[in-house]
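Good morning, and thank you for the time. I would ask you to look at the structure on the screen while I go through some of its contacts.

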Amino acid sequence: MARIQVPERAVAINPLKLSPPLGAALAFLGIKGALPLLHGSQGCTAFAKVMLVRHFREAIPLATTALTEVSTILGGEDNIRQSLETLLAKAQPQLIGLCSTALAETRGEDIAGILRQLHLPIPVIYACAPDFGGSLSDGYSQAVEAIIRELPQPGPLLADQVTVLAGPDLTPGEVADVKALIQAFGLTPIVIPDLSTSLDGHWANGYHSVTTGGTSLAELRAAGRSAHVLVIGQSLRRAAEQWRERFQVPYTLVPGVTGLAASDDLVRCLMAWSGQSVPALYRQQRRQLLDAMLDTHFYLGGKRVALALEPNQLFVMGHFLASMGMEIQAAVSPTRADWLANLPCETVIVGDLSDLQQHAPGADVLISNCRAAPIAQALGLPLLRMGLPIWDRLGYHLRSYVGYRGTAQLLFDLSNLLLETPHHP
Amino acid sequence: MFRTQINQLLTEPACPHNHHQHGDQKNRSCRQQAKPGAAQGGCAFDGASITLVPITDAAHLVHGPIACAGNSWGTRGSGSSGPLLFRTGFTTDLTEQDIIFGGEKRLYRAIQEIAERYRPAAIFVYCTCVPALTGEDVVAVCQAAREKVGLPVIPVMAPGFVGGKNLGNRLAGEALLEYVIGTGEPPAVGRFAINLIGEYNIAGELWDVLPLFERLGIQVLAKITGDARYREITYAHRAHLNLVICAKALLNVARKMQERYGIPYIEGSFYGLGEMNRCLRQVAQHFQDPDLSARVEALIADETQRLEQDLAPYRAKLQGKRVVLYTGGVKSWSVIAAAQDLGMRVVASSTRKSTAEDKARIQQLLGDEGVLIEGGGAQELLEVIRRTRADLLIAGGRNQYTALKAGIPFLDINQERHHGYAGYRGLVTLARELTHALYSPVWTHLRQPAPWEEDLRYGSDTST
């Protein structure tokens, strides 16, 4: 059991935290034909857009209601109405994800009420995501909850259909691997949200002002008929509970799908749901993973790792790496979550990258986003880049650390980093 | 008071945007209200950060909820030859509690913590939308904290919702005028001392220009603000001349320094051979010193000769290539000049943030057939590219993937780019990068049909 420690400090230094509206927008980007719209000043959108464009190396559809000082004080209703009119005419989206910001929520607007009064030809889903309400994961959860509140429709259950609520830490490549695994058992997954076909970086000739991939509205409506619900990531527990209440279907929640035990759990689950045996490909991949674990245990055993990640990913990586005989030197999360107390280390710090910097000396390797690179460099330690943003490396949107195959890749990447780091006297 | 200041900035007399013959006299591009659902650009806070964050030995503290700092720290491309403190992201990260009960105490403590832990040369405090909305007295907190910590603590009152980036640049300039410039004295001032205003050392491009001034015996007293140390800006008022680089947005600083300290200013650009030469000649002309003028002419002759050799491999490849330029303000004409120096044809350019004077200049440079792009988003831009049969787009990083998805070669010109294009060296870099972008084999690969799209004849050929 870990103690959760919140340093007493007025200033955040090199924040690890990202804004909830950014997380909400990310979730909406996993829906086909979607256009996220931030209800805030034009800068709220510009900063979030630059962040996502640089991370995914993609044109990112993201609009703004462009609140000004005056419209904030008088109320942003007109801005919402005008934005929707403009976007419906110009971009022809199939869905608009309206995310609030600190600015809109500080003024305290009844956004849901405003939307009810407008007669809109397409679904406009409102995610309440003030910037002061947590980190990226929190805004992402709000959007997922808003989507499942409004779109999936109940109906006779389909025994071979699986609704997957995918957490914010899964890359498009990881979502693709999870889908392929589910399909290999003859099941049909509907992923909410599905980044694997929207932010996977695919060449599609021409420019599009809305997402060109992701789960379609028709699929989202049909998702209510899934006989099985798989939830990946503990930050989605409230969404999972909401699903169960609404559709009376139980859910299976896994923190992640990285590691032997976690992959086994998912495979066991899919065997039970499908009644099918495990395809030969995945049996072989499990044997490859065991071999990878053998090959890498020399390099990882007893090594100390310092992690600074969003809570889901922190939990999953901490558990798996500890299960490989590594020690957690430091664990930093941008926000508090009670379940982080179950991490196998003494302390979990709710803080920023300055906390990572303070507690990393003595570690052998760091795991965090690319903003930790200067810290790694200053300490002469290798950094395994993970999370968001990663703008100093290419291809990470397709990188997968899930399932048997992905877990083996994680072990190789980590071992290779340690191997190429010179030893100091 | 704050409102009055913004109105004054919107009517900045030195800015040609305000030299209208009719209508109200406010700055058109600064005053332009962002359109709901259509706005593309950054906010005033973004603009203020662009202008001030390059001060390398200062701490930059963002007072607001997480989005303002969390989504932006560490993204700016200004280079430093020394201190790295400016790259550290500081924020009060306001919580709901802070917003309900007021964030002033947290701000005061945050300033103290930074002062104790880092002893920076100064602390710039950026007031963002939420504390501006709830009416916090950020100026008073900074004043109190300054007395407590014994460091300059400078309030930057540029909350995002007051306007766009240009206005933010200008508000940042006001902060420098009010709290920084004129508060220090330089160690020594040479015969020819100038300040550079509006050059932010993106991708280190200042380092291609500073050696030129050094060779000429021109002292760059203060850089406002690329690779600057806080102290040099405090004594900027001792320079003899201000050189405003590609920055109508900071003309308020130049004009007010003229009023207060009698320092004249000239405007110039470091992009392209012609512009770089003109810039150096203008500086020499100001000082009316025959020796300096002779040195400038010798340097220009020398650099031009070397440049011609270095550019030779690229000239033939770039000759006549059609370019669309999509960027803001002065850059829209200064980069045209650079592209034309390389023998390229600029067939269209944006005039979104340009002044009337800039526009006239752009039209003159492009000729009658040149298209002026007044505004609009990615779709309109692609339409112009199609219509003008352009070979390449030069624009900011945000449009990079728009162009690539449409199969159009692209060159990044904005602040996140990796290459410096200023000065003589920069022009060679520009030519090299343009050539790579245009002639990459990737464009051939993209046009190859997939196996399932190939003409059926090929299939039947192999089967017979």
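I begin with two helices of chain B, H14(B) and H19(B), which are roughly parallel to each other; angles under 35 degrees count as such. Helix H14 covers residues 290-318 and helix H19 residues 423-439, and they pack at an angle of about 10°, with their axes 10 Å apart. The axes are lines fitted to C-alpha atoms over the stretch in contact, and angles run from 0 to 180 degrees between N-to-C directions. Helices are DSSP runs (H or I) of at least four residues, strands (E) of at least two, numbered from the N terminus.

Among the residues making this contact are B:Leu307, B:Leu311 and B:Tyr314 of H14(B), and B:Leu427, B:Val428 and B:Ala431 of H19(B). Contact here requires C-beta atoms, placed from the backbone, within 7 Å. By class, the contact of H14(B) with H19(B) comprises 10 nonpolar residues, one polar and four charged. Ala, Val, Leu, Ile, Met, Phe, Trp, Tyr, Cys and Pro count as nonpolar, Asp, Glu, Lys and Arg as charged, and the others, Gly among them, as polar.

A word on the basis of this account. The model is predicted: local features need pLDDT of at least 70 and side-chain atom pairs pLDDT 80 or more, while totals for chains, interfaces and linings use all residues. Residues are numbered from 1 along each chain as its sequence is written, with chains lettered from A and ligands numbered from 1 in the order in which they are written.

In chain A, helix H7 (residues 136-150) and helix H10 (residues 237-247) cross at roughly 10°, their axes coming within 9 Å. H7(A) and H10(A) are therefore also roughly parallel to each other. Their contact includes A:Val144 and A:Ile148 of H7(A) and A:Ala239 and A:Trp243 of H10(A).

Let us return to chain B and helix H16, residues 356-366, where B:Asp358, B:Ile362 and B:Leu366 are buried, that is, with 20 or more other C-beta atoms within 10 Å of their own. Seen down the axis of H16(B), these buried residues fall within an arc of 60°, so they line one face of the helix. Just after H16(B), B:Gly367 has a positive phi of about 85°.

How many residues does each chain give to the contact between chains A and B? Chain A gives 53 residues and chain B 54. On the side of chain A, the largest share, 10 residues, comes from H2(A). That side divides into 25 nonpolar, 19 polar and nine charged residues.

Notes:
Buried ≥ 20, exposed ≤ 12 C-beta atoms within 10 Å, placed from the backbone. Arc of directions from axis to C-beta. Parallel < 35°, antiparallel > 145°, perpendicular 65-115°, else oblique. Contact = placed C-beta atoms within 7 Å.
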